[in-house]
Amino acid sequence: MIHFDNISKRYPGGHDALSQISLRLEKGQMAFLTGHSGAGKSTLLKLIAMIERPTRGQIFLDGVNLNNIGNRKIPYIRRNIGIIFQNHHLLYDRPVFDNVAMPLIIQGYRRQEIHKRVRAALNQVGLLSKEKVYPITLSGGEQQRVGIARAIVHKPLLLLADEPTGNLDPELSREIMQLFSRFNQVGTTVLIASHNIELIKEMGTPMISLQDGRVSHNGLPFNANRARGL
Amino acid sequence: MRNSPLKSSRFLSYLGHHVRVSLASLGRLYTQPIATIMTAAVISIALALPVGLYIALANIGQVSTDWDTSTQISLFLHTHVKQRDAQKLMRRLEKHKDIKKVMMIDKEDGLKQFKETSGFGDALKYLDENPLPIVLVVHPRIHADQPNRITKLVKDLGKNKYVEIAQLDVQWVKRLYTFLEIAKRSILVISSMLAIAVLLVVGNTIRLDIQNRREEIEVSKLIGASDAFIRRPFLYTGFWYGVIGGIMAWMITIISLILMEEPIHNLAVLYHSDFRLSGLGFKNTLLLIFISCSLGLIGSWLAVSRHLKDIEPS
């Protein structure tokens, strides 16, 4: 699904965020991306979502070389991806339903189809009763779940999450992670950037650790200390 | 695309999307009535000014057309020309293709008119015979906006052996049409400048709108919105500004015309004229709204193409 071939990313000013990264995430797999802040987790996700472009190397997404995708084609790449952010990125001027419906509206779905799918997505995150509510009135965990519903409503091939539990307490974090597991079980490829090592160990999913822009561990989280990069 | 809906339903949903986006843009304007009215007012004033000038010009043109009917050439015949010869000449001239009508003022009529109007009537008593020539008044068929043809006609008539002087004051006609031409050009220049002002006003308003909706644009780009999709609501906003501004400009024009109507009618009465101020008319009203919409659309397009690029998710 995702294939990084010797990827380097240098930001203007000379900071090397990623150096010669090569890794693979197979279709239907779920993995965590860990590392201390500044290790390059966000940059890696941004490269997949084409928010940034690599300085060197090639990225293949579902067999497509992203280097060959012009700026005008980026939206169509992103339509296959669901992205979840730490700070939700919800729009507060419209109710939950409209927030979740956005990807479907962008892709030109019909009204009835939109209603059906938005309800289904809200149902999956347990917020069906809140569809008419404005996001500002929801708790942090609920807002995050609205963000997740928006990311999965168009049934993307790939789900990317950047610190989705960053602001949540352990109980809520566990719920959110289990939600991701459930999407993975129905075939969605999932990549989650997180520093919540305890939770990752508990879930027993593969883990990719970054340290100073390089892969320091790739596999099951058998060694928590190494995973932390300590 | 893997997750795309069926193609047949896609077109309908695309149309529906356009309708919804345009209504949503209108609704957004409705939620900020003061700001909307202010922007639309600037547009409408900028449009109403050239429209008012245009109407004034059209009316002046119409008045001058009325004057054309009084354009006439006076042929003063030699004093020795007999009445019979003058009548022959008159009948011949009436067949001329450029002449509509010829009237004769014979010596007696001329004398009577002279006595009535000049105030020198008594002086004529001391003359042995009537010194006035026969005058043929020629009404040309030529419109006054072709002063050169009229001049030529006058010249030709002057060559006739019975005619002593052929006279027409074409100078004022020439001057009037030159003046109208200058006025037309001025209105064109003023209109162009005001059109640019409208573009700038709409462009600036849309630019602010884009800044206010930065977050929404970023999120939309992140979840795969195409540039066209993101552009659309702003273009519709510009379009609606154009519609509202155009309608307001039309209303300003109508109100101004109503205010002007009575004094102008009074003036016309003083001149024994049945002149009536003519308005914009249906076709020109549509043209006004069309131009206004186009300016709104182009203005928003300029702003969108300049500023949407700057907003990228990070």
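Two residues are in contact if their C-beta atoms, placed from the backbone, lie within 7 Å of each other. On that basis, in this predicted model, the contact between the two chains takes 19 residues from chain A and 22 residues from chain B. On the side of chain B that touches chain A, at least two residues each are supplied by helix α1 (7-31) and helix α8 (214-222) of chain B. Sorted by class, that side of chain B comprises 9 nonpolar, 9 polar and 4 charged residues.

**Chain B**

Chain B contains 10 helices and 4 strands, and its elements, read from the N terminus, follow the order α-α-β-α-β-α-α-β-α-β-α-α-α-α. Of the 314 residues in chain B, 25% are buried. Among the contacts in chain B with a separation of 6 or more, 84% are accounted for by residues 24 or more positions apart.

Two packed helices are described by the angle between their axes and the distance between the axes. For helix α9 (residues 227-270) and helix α10 (residues 281-307) of chain B, the axes come within 7 Å and cross at roughly 145 degrees. The crossing in which α9(B) passes α10(B) is right-handed, and the residues of this contact divide into 15 nonpolar, 11 polar and 1 charged.

Most residues other than glycine have a negative phi.

| Residue | Phi | Loop in chain A |
|---|---|---|
| D62(A) | about 50 degrees | between β4 (56-61) and β5 (64-65) |
| H89(A) | about 55 degrees | between β6 (81-84) and α3 (96-106) |

D62(A), which is not a glycine, has a positive phi, and its place is in the loop that joins β4 to β5 of chain A. Because 15 other C-beta atoms lie within 10 Å of its own, D62(A) is partly exposed, given that a residue is buried only if 20 or more such atoms lie within that distance and exposed if 12 or fewer do.

H89(A) is likewise not a glycine and has a positive phi, and H89(A) is found in the loop that leads from strand β6 to helix α3 of chain A. The same cut-offs place H89(A) in the intermediate class, so with 18 C-beta neighbours inside 10 Å this residue counts as partly exposed.

Conventions:
Residues numbered from 1 in each chain as written. Chains lettered and ligands numbered in written order. Predicted model: local features only at pLDDT ≥ 70, side-chain atom pairs only at ≥ 80, totals over all residues. Nonpolar A, V, L, I, M, F, W, Y, C, P; charged D, E, K, R; others polar. Axes fitted to C-alpha atoms, helices over the stretch in contact; angles between N-to-C directions. Left-handed = near helix turned anticlockwise from the far one by under 90°.
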